[in-house]
Structure formats: structure tokens, C-alpha cells
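Trainee: Could we go through this model together? I would like to begin with the overall picture and then turn to individual residues.
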Amino acid sequence: MKGNTELRVRKAFFKHKLGIIGMIILILLYLMILFADFLAPYNYQSTKRDFTFSEPTKIHWRKDGEFIGPHVYGMTKSRDPVTFAVKYVKDEEKIYPIRIFVRGDTYKFWGLWETDIHLFGIGLQDDAVLYLFGGDRFGRDLFSRVLIGGRVSLTAGLIGTLIAVVIGAVVGAFSGYYGGWIDVVIQRLIEILRSFPRIPLWLALAMLLPPTWPSTTVYLGIVIVLSFIGWMGVARVIRGMVLSLREKEYILAAQVIGQSNFKIITKHLIPNTVTYLVVVSTLSIPGMILGESSISFLGLGIKEPMTSWGLLLKQAQSLSDIQAHPWLMIPGLFIILAVLSFNFVGDALRDALDPYRTVDKV
Amino acid sequence: MASFIIRRILIIIPMMFIVSFICFFLTELQPGDFVSQYLENPRISPEQIELIKERLGLDQPPMTRYVMWLKQIITKGDFGYSFAFKRPVIDLIWERMGWTISIALSTILFQWIVAVPLGIFSALHPYRMWDYILTFVAFIGISIPNFFFALILMYLTNSSGGLFSSQFIGAPLTWAKFYDLLQHVWLPIAVIGLSGLAGLMRVMRGNMLDMLGAPFVNSLRARGLPEKQVRKHVIKNALNPMISIAGMELPNIFSGTVITAIVLNLPTMGPFFYTALLNHDQYLVMTFLMFIAFITQIGNLLADILLAVLDPRIRMS
Amino acid sequence: MKKLVCLFTLVLFAVSLMAVPAVVDELLTPEQPKLGGTLTLSVTSSPQSFNFYGTLDGVAYTIAGQFLNALVEMHPVTNALQPALAESWEVSADNKEVTFYLRDVKWSDGEPFTADDVIFTFENFLLNKFAEGNSIARFTINGEVVKFEKVDDKTLKAYLPAPYGPFFTVLSHASIYPSHILKDKIDENDPGSVNELWTTDTPLNEIVGTGPFVLDQYIVDQKVTLKRNEYYWKVDRWGNQLPYFDQLEYLVVKDAQVQSAKFRSGEIDYMTIEAVDYPVLKQMELDGGPFVVYRAQPTNPTPSPIHISFNFNAKNEELAELFSLKNFRAAMEFALDRERIIEEVFNTLAVLGGVPVLPANKAFYNPAIEDLRRPFDPEKAKALLDEMGLVDKNGDGWRNLESGKTLEFVLICSTYQAYQDTAYIFSESLKAIGVKCELQVIDGSLLAQKALSGDFEACLWAFGNQPDPQLRKAIWSPGYSLYYCHFDTMNPETKEPYADLRNMYDWEKQIHYAFEIGQTAMDPRERKVQYGIWQELYAEYVPFIYVCKGMDLMGVSKTLGNFHQTADGALAYAVYTMFRK
Amino acid sequence: MSIIQVEHLKSFFKTDEGIVKAVDDVSFELRENEILALVGESGCGKSVTAQTILGLLKSPPAMIEGSIKYHGQELVGLSNKAYHKLRGKEIGMIFQEPMSAFDPLYTVGDQAAEAVAVHSKLNKPEIRDKIIAMFNKVGIPEAENRYDEYPHQMSGGMLQRMLIALTLACDPKVLIADEPTTALDVTIQAQVLNLMRDLQNEFNTSIIFITHDLGVVAELSDRIHVMYAGKIVEKADVVELFDHPKHPYTKGLLASRLKREMKGQILPFIKGTVPRAFEFPEGCRFHPRCPHAMEICKQKDPDPVAFENGHVCSCWLYLKQNKTDGVESQ
């Protein structure tokens with residue numbers, strides 16, 4: 001019977017076309033951040049004076065009509081004498097072929113071993129770059145920065161949700177299982193915390209993070225801040241589910257044979273809510289990704305030299321940037337893409353796992 | 001029913017106490033205080049900073065200040081004094097209420113007017129092209145960061161935010177002014193509304209699908225009711241659960257749009273709160289948070305009452 | 001161009017004239033005006049108050065500046081001091097007594113302005129230590145406060161405890177309040193209650209002034225409107241009473257982007273422009289946009305040029321010792337790539353600036369510093385560090401301290417983008433010479449708190465600046481409260497104003513003395529010499545490494561008259577002389 | 001004379017797991033003034049048959065073939081609009097769970113009135129009077145007050161009476177009762193059954209009575225059709241069926257009824273369960289559970305065999321003589 005359910009769920013999920021597309025995009029995105037250093041042609045921090053605000057590099061295939069493989073040309077920076085706008089002039093004499101497994105900036109792959117091999121690139125050149133998404137104001141490669149920034153954005157939501165769901169499940173299960181005054185206290189507390197609006201509470205909490213923390217700790221702090229709100233919704237629903245589950249025969253049986261309450265909760269109650277937890281997790285990750293980007297956008301979150309999509313987008317917040325350097329908005333597209341995909345997957349999962357729709361957005 | 005409402009109202013009182021406590025310590029834990037911004041001003045000597053601290057009561061231990069604050073609220077209804085504005089915080093919040101509420105309510109109205117029919121439409125034609133298109137558009141709506149969307153819309157429409165052109169700010173209400181307002185106000189409503197719209201639409205669609213499959217619907221059909229009348233029953237049943245969502249959504253629309261309101265230059269409480277937060281204008285921040293929590297409670301209460309009015313099962317239990 | 005702020009000239013030529021309105025010079029009125037209309041500007045937040053002395057809010061200052069005047073004022077373009085509410089004055093031979101002859105001016109409600117108003121303002125606001133925005137420090141000379149005395153309704157005497165060079169400069173910041181309006185509103189028993197006067201909920205007809213405009217309407221978080229003051233005391237050279245505009249509006253615009261959008265659409269008449277936005281706006285101008293974009297020599301006093309400082313009293317003693325070495329700081333200056341910062345952060349729209357007196361400030365700028373300034377030279381920086389024994393001992397790419405620890409420190413800076421970017425570039429350059437510099441970006445007020453409590457290692461910051469260095473003595477003179485790179489120079493008991501000379505390096509003592517002498521000297525030449533000494537010592541010993549100063553960039557609607565750039569590059573305009581073409 | 005004539009009716013559903021043949025080639029007729037019982041375990045397609053007759057299955061996803069004639073009018077493929085005139089007015093239906101047959105947000109009276117108003121030209125007070133009269137007729141105490149109460153305020157038995165009352169208030173010629181007593185207590189069941197019989201006598205309504213309980217229909221109905229897995233396996237009148245059941249399934253159903261004389265014995269039952277609708281077996285669908293299953297049963301579906309007294313049964317046991325023919329004719 002269980003096998004059948006699984007089959008049905010899988011079938012139902014795969015029927016949801018948008019869900020599949022979302023799933024594929026997410027897998028690609030997470031693979032991307034997993035191998036970010038390798039995929040990124042440059043170190044995300046390395047600045048290049050001669051390529052500030054350089055537009056996305058054009059890749060050429062032919063030289064004088066003859067196919068010579070993908071290559072880029074050398075670029076010279078100049079400034080408009082009146083407007084002081086930066087301009088780049090290409091030098092067709094200087095040809096740099098794009099190769100794979102090319103040597104470039106050194107990095108520590110997964111923090112394990114040092115290497116300088118990148119999937120593709122033109123190597124380190126003085127007068128040419130391969131900036132697929134253009135350069136930022138320090139001449140850093142936006143493509144590489146998007147890849148690395150994704151690490152923060154995509155994992156913050158994931159870990160934040162994980163923490164939220166774990167806390168929510170445990171608190172909810174205890175509340176529902178024990179009932180009585182414990183339940184009353186927890187429910188009131190949740191109700192109180194839920195009556196604070198999300199973004200102001202996030203901001204107020206983000207202000208609590210000591211600004212002197214190193215960026216990695218700030219990152220953890222942000223994750224915890226994000227998870228702070230998510231858990232309450234989970235706890236409420238889990239409580240409801242546990243309330244009905246605890247009347248079930250097998251729980252009564254477990255009690256009769258004298259299993260400890262803790263064991264009953266962790267072994268019998270929580271596992272029975274896993275379906276719901278999975279759906280709820282998928283559906284709350286997008287909110288957290290957006291939350292991280294909002295907090296970073298306001299400058300209360302991730303700070304330089306670390307980076308995240310929200311922080312990258314902060315640099316594209318001016319109208320003149322939209323006009324002069326529209327490529328700076330690319331991180332915004334990545335946020336949309338990731339959030340959209342999570343929503344699709346979550347929706348598909350909800351439809352598949354929960355045909356009776358007990359799961360609503362938390 | 002009356003006892004239910006009274007009980008609900010009474011619960012709010014102890015809850016607000018806890019809320020006030022949380023608010024206070026949330027602001028207390030933040031590094032720095034209001035006078036830290038004075039430190040770099042060479043016009044102000046360290047001695048004077050001490051003086052200001054004393055005047056504002058910042059030299060007292062936190063617990064004393066909390067008790068004092070609470071006492072003032074209970075005995076005089078005085079929520080304290082804004083350090084920056086030298087005025088009672090409640091006045092300051094009150095000044096900004098008008099627009100905040102108007103925009104929040106119009107946004108909710110907009111969301112419902114758009115989301116409910118689309119959700120119904122989507123549910124009546126499930127898994128068809130239009131359903132997919134609406135779903136897709138709705139999801140894009142949730143997925144765009146508000147501020148980003150606001151910025152792009154501003155750029156595309158050449159708008160400069162705000163609610164009025166400058167010549168109409170403070171001008172007496174005329175048709176021209178109203179027209180000017182309409183020209184401006186659609187932007188924040190669209191931006192803020194779009195993100196919630198998708199969720200509402202999806203919920204409405206889900207509720208509708210649930211209800212369409214409910215046994216009583218078949219029963220109604222079997223009695224020979226025309227499809228139009230059957231749908232009326234279905235929609236009414238599907239709408240009810242949405243009311244509690246509206247109750248929950250109210251506070252977020254009230255204040256959850258801080259960034260959008262900054263980007264769009266709206267005279268609402270969100271940006272005001274953010275500035276106060278950065279300024280460490282403690283009583284202002286606390287009162288604001290409390291106020292929102294209070295609104296939420298009221299929102300939930302109203303939702304519960306409305307739900308009870310509309311649903312006999314709740315009304316009578 | 002700029003005439004010196006010459007006190008003696010003023011004393012000699014300040015003749016008590018008949019009660020005629022002041023005529024504004026040609027610099028501000030090159031064009032013949034059209035009258036009427038509305039000038040629309042913007043402010044970045046709602047004013048926290050309309051009380052100049054009750055708040056420390058820049059927006060409140062901007063607005064109060066339109067309806068209040070002081071006894072003397074600075075020329076908006078040349079910064080030269082000129083008579084304002086005081087029509088003329090006499091200084092006694094010992095430089096300790098000044099007699100002011102007040103102008104025949106009416107408050108905006110028609111009441112006459114008298115010496116009582118001045119006395120009232122000083123007593124209750126300026127010299128009231130409970131007023132949050134008081135100016136006691138500026139009117140305190142050697143620990144004693146300046147005293148004012150009424151002679152008759154139109155005459156007033158000031159008694160200075162000692163000769164005080166910047167007296168008229170500080171006086172130009174002392175806006176005079178109407179005593180007939182406020183006298184009854186002050187709670188005698190609570191001198192702090194003055195802060196609660198003229199808050200934003202005060203009926204605007206109770207706020208009267210002598211400035212060109214008076215408050216008319218305040219729409220919370222949206223707009224402050226001022227209307228023309230019928231009784232304003234200035235006229236143009238054709239005899240028109242000023243100001244030309246009937247109305248002055250400040251739109252409240254929190255977000256810089258919205259401000260920019262409003263300017264582009266012509267809703268705002270002029271605004272300062274960020275360097276990064278310059279190219280786009282300039283291009284729009286060239287493409288026939290409705291505005292002109294100016295690029296001018298920096299004269300704006302705020303902020304001062306960005307500086308980087310190292311804490312001589314850092315908690316880490318090894319670093320503290322290092323930071324107090326001149327050669328280390330010199331090495332840091334060699335490692336500072338100013339050219340790159342100007343190019344990348346400021347789009348080339350910045351100048352090197354002074355230390356911190358701006359080159360445009362002819363009255364005090366000492367050009368000798370230009371030769372002392374250490375240009376970007378990583379090799380020299382490396383050599384200096386090598387020489388000090390700060391070499392990479394363990395081969396990890398970072399230099400090591402004597403104790404073997406990595407040479408690393410934390411550089412704090414505020415969230416303001418240009419500062420962050422500057423700090424980032426600096427840390428990158430340091431990386432290249434083997435010095436590890438961690439950036440810590442924190443909120444501005446928190447930065448102030450950390451820096452001013454000595455809780456930092458290195459700091460990138462900019463203070464407000466003033467044309468007269470004396471007004472910034474608290475920051476730049478060793479021994480004062482804001483000389484935050486070396487707090488040991490302060491007397492631990494009294495903190496201020498008594499410096500502890502024992503803990504000062506010789507060069508710090510010299511700077512300290514230069515400021516003390518400059519303060520009581522009345523001869524501008526003498527003052528320039530003293531502050532010149534300070535600038536040279538700063539350039540040589542770099543307690544603060546000055547980076548650069550952004551140019552004054554401004555976008556101005558083409559429809560605005562009497563807004564122009566002078567021959568030597570400064571922008572000339574005043575709210576009361578501009579008009580709509 | 002037959003009121004409803006069902007011929008070769010098929011109701012198939014397309015689902016994720018394949019095509020569900022819920023009703024597969026079913027033919028029967030409902031005669032005037034009779035109570036026809038459709039009997040079988042749950043999941044045999046009884047309810048689907050009923051809903052198909054009333055056009056309540058949406059097509060798609062339902063695929064409906066065959067013919068349903070009501071007074072000679074073809075119902076398969078009838079437009080929704082035409083169906084509206086039919087439902088309630090001509091053919092009424094009573095559902096299994098009275099609790100969920102009402103919209104919880106309206107009073108029962110309003111819902112009844114709404115249904116009556118669709119089919120009659122009476123004005124509001126008249127409708128109200130008619131419904132209250134009907135409520136009284138089905139034995140609802142204080143009918144006047146009950147009219148303005150909500151479904152959740154009433155017991156299941158009461159609701160079922162109301163459902164019957166409001167269905168009859170529309171004066172239908174045919175009543176389809178889909179397990180009207182299943183959700184009720186035993187005592188209430190008896191009341192409802194008695195009520196239905198009385199009403200049938202009074203209004204001359206023809207009734208299709210769907211149930212899984214042979215005991216219930218024994219006294220109530222005139223004829224019985226036994227359904228299994230989407231097919232009618234046996235048709236007979238009551239006495240004939242109870243006295244001479246032919247199909248092994250019918251026998252099994254009869255055997256598994258509680259009888260007083262069986263005290264102390266183990267209750268016989270049909271082994272196994274009704275297969276899920278998308279995995280009906282090949283051949284005779286009952287063969288996996290049939291004690292008499294033969295090789296032929298696994299391969300081919302039996303055709304109906306007619307006996308005396310209108311008794312019809314589809315089973316290879318009675319087709320033995322034709323067995324070889326059948327295989328050969330394949």
C-alpha cells in the first residue's frame with residue numbers, strides 16, 4: 001500500500017509540468033553553487049581597474065568571416081571627456097580564445113585543496129576579460145559574483161527553513177501531545193509572536209546582530225533571524241495534526257506498553273507529519289530567500305566582501321544604473337528564478353502529497 | 001456569541017503586556033542608543049550627552065525604564081516621547097495613520113477584487129491553458145522582490161513615486177487632485193498588491209476546487225438547481241476560509257512593505273518605522289511594534305467575528 | 001575671488017548707516033528677475049522639529065535656515081562674513097568688547113526685531129545647556145562664556161573673556177528667535193522644555209522669523225511649504241524686495257532614487273548629484289534634458305574629506321604601538337591608491353582635498369601640504385614595512401608582527417556606499433603588500449559610538465567640516481574630545497577642555513598650541529599661519545590619512561534664473577535670489 | 001410500463017492510473033410504481049450508475065456510452081440545461097450521507113425552498129407552507145421551527161427526513177435513493193425505510209433503491225438487481241432472488257447475512273474484497289473470489305442467461321452447454 005502511495009505521489013508530481021521545470025532549475029542552481037568556484041571564471045573578489053562597469057563580454061566565433069572558435073577581443077577603457085562615462089573600445093588585433101579547464105585565480109575547492117583550474121575562461125589577461133554578466137563598479141566579474149552570491153541566498157533560505165521546521169515540529173508536537181497548560185502557554189506565545197509583522201520584526205532582529213561579527217557569523221545570524229518567524233506557523237499546524245494523531249490506537253498502544261513520551265513524539269508523532277513538513281518547507285523557502293534579499297538590500301544583512309543576490313541587487317538600485325548598467329540587475333533575475341522554482345515545486349508537491357489540501361501557506 | 005467576543009477582547013489585554021515586554025527588550029538589545037548619533041557632532045560635548053541621556057531617561061537601568069513606560073501607558077495612556085521629534089509617539093503614529101490605512105485597505109481591496117474572480121475562474125477551468133497562465137503569472141508575482149519590482153515599474157513608467165504631484169500635496173481636495181492621486185496610487189497598490197494576490201488567488205482556487213468536489217454540490221445539482229445557483233453556493237463556501245487570511249494579512253500590508261514604501265516614497269508608517277529603528281528612537285519603535293501587534297489582534301478578532309457572522313457552524317458553537 | 005574674512009576691514013568700514021534694506025550683490029543677481037512662482041526642492045526626511053536649537057536634525061536646519069537669521073552671516077558664495085540682523089558693529093581695542101547696532105527689521109508677523117530677542121535667544125537657547133542643539137562650546141573661550149548685554153532696543157554689547165578669532169563665524173550660526181512669541185511658552189522651572197517648542201505639530205503661524213520665507217504648510221512625510229516673508233530685509237540692485245519666489249517647497253523624499261526621478265521629471269528644481277549618477281545625467285543634459293549638470297570645485301563644508309585613522313590606543317597593544325609610529329602610518333599612506341579611488345568610487349569627480357581644509361578655502365588652505373602628501377607607491381610602503389621588521393615570517397603571504405602574529409587589523413566604516421567602496425579599495429591595496437585588513441561595515445551612529453569610545457583599530461570616516469578650522473577644534477586638535485585616534489591626549493579626569501600634554505607626541509603638542517593660538521589671535525594672517533602649521537604637521541605625521549573629497553555636483557533646472565557657475569568654478573546661488581525664467 | 005430504460009450503459013473514467021470502468025455495459029429498466037433495488041458491495045458502481053442517470057458525472061473526465069431513456073427521452077448526451085429541468089422535478093435523488101448533502105451556510109428551509117422554487121411557480125409563502133407541510137409529513141417535530149435551522153444543528157436521521165421531504169416537495173416521478181440509511185443508526189434506519197414505503201404508496205413514485213444491505217431491501221423492494229464490479233450479475237424479483245439465488249456472488253451476499261438460527265456458527269463470508277476499479281480482472285470479474293471459478297471464467301465474460309419469472313443471471317455455471325461454442329466463436 002505504501003509503495004502504491006509513493007507511486008501515486010510521484011506520478012502526481014510529475015504530472016505537474018511547472019513543478020518539474022522548477023525542480024530541474026533548482027537542481028541546476030544548487031549544482032551551480034556547489035561547484036561555484038570551479039564554474040566561475042574569476043575569483044568573485046578580484047577587482048580589475050580597467051574593467052569597471054564593463055558590459056557583458058561579447059563572445060565572437062568568426063574572425064574575418066572565418067570560424068576560429070569562441071574568442072573575445074582585448075578591450076581598452078576610456079572615459080568620455082564630458083560625461084565621464086566609461087567606455088570600452090575593442091581591439092580586434094588581440095584575440096583571446098575561450099578554453100575549458102583554463103588556469104586562472106587560485107581558490108580552495110570546497111576548502112579542501114588549492115587549485116586554479118576553472119571550467120572555462122580566457123585565463124588571466126591584462127587587457128581582456130570574459131565577463132558573461134558584465135563587470136561591477138570595481139571591475140569584478142558579476143557572473144562569478146552571482147554564482148558565489150547564490151551560496152548565501154540559496155542556502156540561507158534552505159537552512160533557515162530547516163531550522164524553522166525542526167523547531168516548529170518539535171514545539172508543535174510537544175504542545176499537541178502534552179496539551180494542558182503547556183499547550184495553552186505555547187499557543188499564546190505563538191499567537192503573540194505571530195502578531196508581529198514579518199518584515200519589521202526581521203529588521204528589528206537583524207539590528208540585534210552585532211555589526212562587529214565577521215561575515216560568516218552574520219550569515220548564520222541572518223539565517224536564525226529568518227527562521228525566527230517561520231517556525232510558528234509550522235508549530236500550529238503540527239500541533240493540530242498531533243492532537244488528532246495522539247488519539248490513534250497505535251499511540252495509545254505505545255503509551256500502554258510504557259514507551260517514553262519523548263520517544264513517542266519523535267518516533268511516532270513527528271514522522272507522521274513528514275509529508276506536511278516537506279510541503280511546508282518547500283513553500284516557505286521562497287519567502288526566506290526574499291527575506292534575505294530584503295534585509296541585505298537595506299544593508300542590515302550580508303556585507304561586503306561576502307556577497308548575496310540581495311546585496312548584489314542593492315548595487316543596481318539606482319535609476320542611473322538601470323539606464324547605464326542594466327546588467328547589474330541580473331542578480332534580481334536569479335532571485336526571481338529561484339523563488340519561482342521553489343514555488344512551483346512546492347505547489348506541485350502540495351498537489352501531489354496532499355490532494356485534500358490541508359496544507360495552506362504558513 | 002457576545003461572550004465569545006468579550007472573551008476574545010479580554011485575552012488581548014494580557015497578550016499586549018507580553019507584547020510590550022518583547023518590544024521593549026527587542027529594542028533594548030540593539031547595540032547603541034539614541035544619543036550615539038550625537039557623538040560625532042563636535043557641537044555636543046560629552047558632558048552634554050550625559051545631560052541628554054539623563055533628560056531622556058537613558059541613564060536609568062532598562063527594567064526601571066520599562067516599568068516607568070508601562071506605568072505611563074496604563075495611568076495616562078502615554079506611550080512615551082520620541083527622542084528625535086520631541087513629541088508624544090502616539091501623535092506621530094497617528095499623523096501617519098490616514099495614508100497607511102488607506103493604502104493598506106485599498107491594496108487589500110484590490111487584491112480581493114482581482115484574486116477572487118481569477119481564483120474562481122481558474123478553479124472552474126482547472127488544468128486548462130488559462131489556469132496555467134494565471135498560475136504562472138501569479139507565481140511570478142510572488143517571486144519578484146517587491147522593491148525590485150517597484151524600481152523597475154518606476155523606471156518603465158517614468159514615475160517618481162509618492163501619492164501626488166507636488167502641486168497637489170496639501171491642496172484642497174478637487175477632482176484634479178483626485179485624478180492626480182489615481183495616477184500615482186496605482187503603482188504602490190499594484191506593487192504591494194501583486195505579491196499577496198498570487199497567494200490569495202491560489203487559495204481561492206484551492207478552496208473552490210475543494211468545494212466543487214464537496215458532496216453537497218452534487219446534492220444541489222441533483223435538486224435541479226441551475227449551475228449558476230450551484231456556483232453561488234460553492235463560492236460562498238469557498239470564500240469563508242479566506243476571511244481569516246485577510247485577518248492575518250492586514251498587519252503585513254500595514255507594515256510589511258517598508259522597503260517598497262521607501263522606494264516608492266510613500267508617506268506611510270513603514271519608512272517612518274525604519275528611520276526610527278536606525279535612529280534608536282526607542283519608544284517610537286516599541287509603540288509602533290505594539291501598535292501593529294494590536295492591529296493584528298483586532299484584525300484577527302474582526303476576522304473571527306465576521307467568520308462567525310457568515311458561518312452558522314461557528315456562530316452557534 | 002574670495003575676499004578674506006577680514007575682521008579689521010569690517011570694523012573700519014562698518015559705518016552705522018541709515019535704516020535701509022541690505023542690497024544683495026551682483027554675484028547673486030546677475031540676471032534681472034521675474035517675480036512670483038514656486039521653487040521646489042527636496043529634503044531626505046521629515047523635519048524632526050522646526051526648532052533650530054531643539055534638535056540635531058540636518059533637515060530641520062535646512063528649513064530653519066530659510067526663516068531665521070543671525071546677527072551676521074556668511075556670503076553664500078564667497079563665505080565672507082557680512083552684516084545681517086546686525087547692521088554694523090564696533091570692536092574695542094583690546095578685542096574683548098563688541099558693540100552691535102541692530103538693523104531695523106520686522107519679524108514676519110510685523111513685530112519689530114529688538115535687542116531683547118537676541119538676549120532672549122542666547123539665554124534660553126544658545127547658552128542653555130538643556131537645549132539639545134545649543135552652542136555653548138562655541139561661545140566658550142578658555143572656559144568662560146561670552147556675555148551679552150542690552151544697551152537699548154537697537155544696540156547690544158558682547159563681552160568676550162579673551163580675544164576670539166572665530167567669534168563672528170560662530171555668530172553667523174546663531175539664529176535669533178522671536179522673544180515676543182516664545183517668552184511666555186518657556187517653562188521657567190524646566191529649562192529643558194525649550195526642546196519641545198516649535199515641534200512639528202506647532203501651528204505654523206506661531207513660528208515667525210526674519211528670514212526670506214516663513215512656514216506655511218506642513219504635510220507630514222510629504223511636503224513642507226514656506227511662503228515669502230513680506231518683511232524680509234534684503235533687496236536686489238534694482239530695488240525689488242527679496243525673495244523673488246512666492247513659495248518655497250521642500251518635498252520629503254527619502255530615497256535617493258526617487259529624488260533623482262523627481263529631478264529628472266522636473267518636479268525638483270535642483271539637487272546635489274552622486275558621482276556615480278553624473279554620467280547618465282550629463283548625457284541627458286546633452287541630449288536636451290530640461291536641466292544643467294554642474295561640476296564645481298568642492299566648497300561644501302560637509303562632509304570633510306574622507307580620512308583613515310589608526311587608533312594609537314588600540315586595545316591590542318602591539319597594534320597600538322605600531323599605529324603610533326609615524327613610519328607605519330606613512331607606509332599606509334603610500335599604500336593608499338587615491339587615484340584609483342577617485343576614478344572608481346567618484347567617477348573621477350573628486351579632488352585630493354586638503355588635510356582637511358579644502359583648497360577652495362583660500363582663507364586657511366596651506367598649499368605646502370601638496371608636496372608632503374605621499375603618493376601611491378606600494379614599493380615604498382613595502383620598504384617601510386620591511387624596514388620596521390614587519391616581514392612575512394611564516395610564508396603565508398601575510399606580514400607578521402614581532403610577536404609572530406599576522407599583521408592584521410579591522411577597518412570600520414559606515415554603510416554609506418562611497419565610504420564602503422573606498423575602504424574596500426584600500427583593503428585591496430593592503431592585501432597586495434601583505435597586510436591583512438578586515439572590513440567591518442556598520443551603521444553610522446554605531447561607528448561614531450565605537451570610534452569615540454576608542455573601541456576600534458582603524459577607521460574610515462568623514463566629519464562635518466567648517467570653513468573656519470577653529471569650529472572643528474574638538475576634532476582636529478589633540479587633547480579634545482573628538483581627536484579619537486589618540487585619546488590619551490585627553491586629561492583622564494576632566495576629559496575636556498584641558499588637554500594632557502604629557503601623553504602627546506611633540507608634533508601633537510605643536511598642533512595643540514597652534515589651535516590655541518589660532519583661537520585667540522584676531523589677525524587673520526596670524527590665524528592662517530597657525531592653522532598652516534597644523535596642516536603641515538598633519539600632512540607629515542598623518543594621524544589621519546586624508547583620501548579625497550568629492551566635487552560639488554549639482555543638477556539644476558534650466559528654468560531657474562540666477563544660478564550660475566563663477567569664473568573660478570564655484571556655484572553661485574541663493575534661495576532668495578533665484579527666480580523662474 | 002418502464003419509466004427509465006437503461007441499455008448498455010458504460011461510465012468510464014480516465015485517471016492517472018488508467019481507465020476505470022466503473023459501470024460497464026449495464027442494462028435494466030425501472031417500471032412504474034415499483035421499487036427497484038440495486039444491491040452490491042461498495043465500489044461496485046451502484047452510485048455511479050445513479051449519478052450517470054442524473055447526469056451528475058462531468059464528461060470529461062467521465063466517458064459515457066449507451067442509452068438512458070426517461071419516458072422515451074434519451075438522457076445520454078443531454079445538455080446541462082435540459083438536465084436542470086429533469087433533476088429534482090422529474091427524478092429526485094437522496095444521498096448516502098444526509099450530513100454532507102446540505103450546504104452548511106444556509107438553513108435547511110432556505111435550501112428546500114430554493115429547490116422547490118426552481119421547479120414551481122409558487123410564491124415564497126406558498127413554498128414555505130408546502131415545505132413545512134412536507135416536513136410534517138415526513139414526521140419532523142416542530143417543523144415550523146426546524147425550517148429556520150442550520151444543517152449542523154440537526155441529527156442525521158432528521159436531516160435524512162428533511163432531504164426526503166425536500167426531494168419529494170419537488171414532486172419527482174422517480175426517486176433515486178443512494179444508500180439513504182447507511183449513515184444512520186439502526187432504529188432510525190427502520191423509521192426512514194418505513195417512511196419511504198409510506199411515501200411511495202402515497203405519491204406513486206418509482207424508486208431506485210441503492211444499498212449494499214440485502215436485509216433492507218427484502219421487505220421494501222419489488223425487484224432486485226445485483227451489481228458486481230460495474231456489471232449487473234443477477235436480476236430477479238425479491239421472492240425469486242431470495243428463494244433461488246443463482247449467481248455465486250448473490251449466494252455469498254445472502255449467506256453472509258446474520259440469521260438467528262446461525263447462532264454459534266462462524267459467519268460465512270465472501271473471501272477477498274471488491275477489486276479496485278482500475279484493476280478489474282479479465283474474464284468474469286468475480287472469478288478471483290468465486291468458489292466455483294473455472295478456467296473459462298478467467299478468460300471470458302459470461303453473457304446473461306434468462307430463467308423463468310424474469311430471472312436473469314450472468315455466470316458460466318449456467319452457460320456450460322454453450323461453453324465450447326463460446327470459445328470457438330471467439
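Trainee: What percentage of the 581 residues of chain C count as buried?
Mentor: The model is a predicted one. In chain C, 62% of the 581 residues count as buried.

Trainee: And how many helices and strands are there in chain C?
Mentor: Chain C has 17 helices and 30 strands. Its radius of gyration is 25 Å, close to the 25 Å given by the globule rule for 581 residues, so chain C is as compact as a globular protein of that length.

Trainee: What does the C-alpha trace of chain C span along its principal axes?
Mentor: The spans are about 80 × 60 × 45 Å.

Trainee: Which share of the contacts in chain C, counting separations of 6 or more, comes from residues 24 or more positions apart?
Mentor: Such residues account for 69% of those contacts.

Trainee: Now the assembly. Which of the five pairs of chains that touch has the most contacts?
Mentor: That is the pair of chains B and C. Chains C and D, by contrast, do not touch, and their nearest C-alpha atoms lie 46 Å apart.

Trainee: Let us look at one residue. Where is C:S45 found?
Mentor: C:S45 sits in the loop of chain C between β2 (38-43) and α2 (58-67).

Trainee: Is C:S45 buried or exposed?
Mentor: Its relative accessible area is 19%, and buried means under 20%, so C:S45 counts as buried.

Trainee: Which residues is C:S45 in contact with, leaving aside its neighbours within four places in sequence?
Mentor: C:S45 is in contact with C:V59 and C:V252.

Trainee: What does the side chain of A:R49 meet in a salt bridge?
Mentor: A:R49 meets the side chain of C:D337, with an N to O distance of 3.6 Å. This pair crosses between chains: A:R49 belongs to the loop between α3 (36-39) and β1 (60-63) of chain A, and C:D337 to the loop between α9 (326-334) and α10 (338-344) of chain C.

Trainee: How accessible are A:R49 and C:D337?
Mentor: A:R49 is partly exposed, at 27% relative accessible area, whereas C:D337 is buried at 7%.

Trainee: Which residues are linked with A:R49 and C:D337 in a network of salt bridges?
Mentor: The network also takes in A:K77, A:R79, C:R340, C:E343 and C:E344.

Trainee: What about chain A itself: which residue does A:D80 form a salt bridge with?
Mentor: A:D80 pairs with A:K87, and their closest N and O atoms are 2.9 Å apart. A:D80 counts as buried at 14% relative accessibility, while A:K87 is partly exposed at 42%.

Trainee: And which residue does A:K90 meet in a salt bridge?
Mentor: The side chain of A:K90 meets that of A:E92, at 3.6 Å from N to O. A:K90 counts as partly exposed at 38% relative accessibility, and A:E92 counts as partly exposed at 35%.

Terms used:
Residues are numbered from 1 along each chain as its sequence is written. Chains are lettered from A and ligands numbered from 1 in the order in which they are written. This is a predicted model: local features need pLDDT of at least 70, side-chain atom pairs count only at pLDDT 80 or more; totals for chains, interfaces and linings use all residues. Side-chain values use heavy atoms; hydrogens and water are left out. Helices (H or I, at least four residues) and strands (E, at least two) are DSSP runs, numbered from the N terminus. The radius of gyration is taken over C-alpha atoms; the globule rule is 2.2 Å times the number of residues to the power 0.38. Buried means under 20% relative accessible area, exposed over 50%, partly exposed in between (1.4 Å probe, protein chains only). Contact means heavy atoms within 4.5 Å. A salt bridge is a side-chain nitrogen of Lys or Arg within 4 Å of a carboxyl oxygen of Asp or Glu.
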